[in-house]
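This report walks through one protein model and the ligands written with it. Please look over the sequence and the structure first, and then read on section by section.

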Amino acid sequence: MTMNKDFIAGLQERLHSPQKIVIIPHKNPDGDALGSTLAWMHFLRKKNHDALVISPNDYPDFLKWLPGEDQILIYNHNEETVKEKIQNADLIFTLDFNSLGRIDQLNPLVSDAKAEKIMIDHHEEPDHYATLMYSDPRMSSTCEMVYKLIETLDSSAFTPEIASCLYTGIMTDTGSFRFPSTTAETHKAIAHLIKEGADGTAIHQNIYDSSSFNRLKLLGIALSNLNQIPNLPIVYIHLTQRELNSCDYKKGDTEGFVNYGLSLNGVLFSCIMIENENEGKIKMSFRSKGDFSVNDFARNYFDGGGHHNAAGGMSTDSIEKTIIRFKQAVEEIKNQFQ
Ligand code: 5GP
Ligand code: MN
């Protein structure tokens, strides 16, 4: 359902009087997930609701400046408080994901909560746990959707905090305004957000120019592990736990690495496989250019999903076995590149 009158009317009805509201991004939240949930929190608080963002887990340092970020409740640091807040909520907004599996340990708590669930999301093929849904896979980002919502509900409600949060998520989910999901409307939203106080240069620096020395060394290792599939426009990168440890890996350090594969002339599909010894799995990220759907690829072969050109998945095999399985999967879909 795109943002039609029913969604707006449904939202207005539910927000008519002050409500206790919990807003939840997906696990390992990125700029769009945190930007959209925090912007929505600021807006709802302005409208006199008791709104709170609860994250399934921690997130990278390069997001730890977002306005209001210091008030986020992180589930595994505050289990009892989080349980209570979810149980007592009147409304639960789920943003930037569309399947409760994406919030991991919060899934049973949200499923059992008495609160009505409301989804705002731009991923393909949504599940149907929400009674009110604003789902539009054509949108660049959940932040652009929240922008449209606030613009529709009360365009005088933007503040520099809201503008900075929304700018951040639109910027990160569009690869700095270059993916095909970036439309004239996206740029209009960005122009408006700058007028409302978002500082694009500062946000860019906070997100992209805040790398640690170790992270750049790790990128060096990742690039030296870049492999090509012979005669196909496909590349993959792997990183073992040992390699991560050798650069004192911190959450978020590998963000964006998979895109280097796509920066090669002619390459249309790039994959990165990252070992996580703690969780006993390999986290996989997929990116493509053009017609090849990494959403389908991730769903069919690696228990994942996402968008047409950006998706993720996982494997519980060893890294060696995962590479073999990746090559076998590529063998099955190679005719899409020929
Ligand atoms: P990333 O590769 O940056 O982790 O994720 C790329 C996109 O795919 C994001 O929009 C993310 O929400 C989605 N995604 C990542 N991992 C998974 C997964 O395991 N399952 C599903 N359904 N989507 C994922
Ligand atoms: Mn997103």
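## Helix α2

Helix α2 is mostly covered, since 14 of its 16 residues are buried, where buried means under 20% relative accessible area, exposed means over 50% and partly exposed lies in between, with a 1.4 Å probe and protein chains only. Helices here are DSSP runs of H or I with at least four residues, and strands are runs of E with at least two, both numbered from the N terminus. The 16 residues of α2 (residues 31–46) should span 22 Å at 1.5 Å a residue, and this agrees with its end C-alpha atoms, which are 22 Å apart; the expected span is 1.5 Å times one less than the number of residues. Just after α2, Asn48 takes a positive phi of about 70°.

## Basis of the model

This is a predicted model, in which local features need pLDDT of at least 70 and side-chain atom pairs count only at pLDDT 80 or more, while totals for chains, interfaces and linings use all residues. Residues are numbered from 1 along each chain as its sequence is written, chains are lettered from A and ligands numbered from 1 in the order in which they are written, and side-chain values use heavy atoms, with hydrogens and water left out.

Asp96, in the loop between β4 (91–95) and α4 (106–112), and Asp173, in helix α6 (residues 160–173), are 77 residues apart, and the pair links distant parts of the chain. Both Asp96 and Asp173 are buried.

## The surroundings of ligand 1

Around ligand 1 there are 13 residues, of which the closest are Arg102, His123, Ser285, Arg287 and Gly305; a residue counts as near if one of its heavy atoms lies within 4 Å. A polar side-chain atom of Ser285 lies 2.6 Å from an oxygen atom of ligand 1, and one of Arg287 lies 2.8 Å from an oxygen atom of the ligand. For Gly305, a backbone N or O atom lies 3.0 Å from a nitrogen atom of ligand 1. Taken alone, ligand 1 exposes 500 Å², and the protein buries 78% of that, the areas coming from the Shrake-Rupley method with a 1.4 Å probe.

Strands β10 (281–288), β11 (305–306) and β12 (310–315) each supply at least two residues of this shell, and β12 gives the largest share, four residues.

## Loop residues

Lys27, in the loop between β1 (20–24) and α2, is buried because its relative accessible area is 17%. The side chain of Lys27 makes a polar contact with that of Asp104 at 3.1 Å; such a contact is a pair of N or O atoms within 3.5 Å, and within protein one must be able to donate a hydrogen and the other to accept it, while residues adjacent in sequence count only if both atoms are side-chain atoms.

Most residues other than glycine have a negative phi. Asn28, however, has a positive phi near 50°, and Asp303 has a positive phi of about 55°. Asn28 counts as partly exposed at 39% relative accessibility, whereas Asp303 is exposed at 62%.
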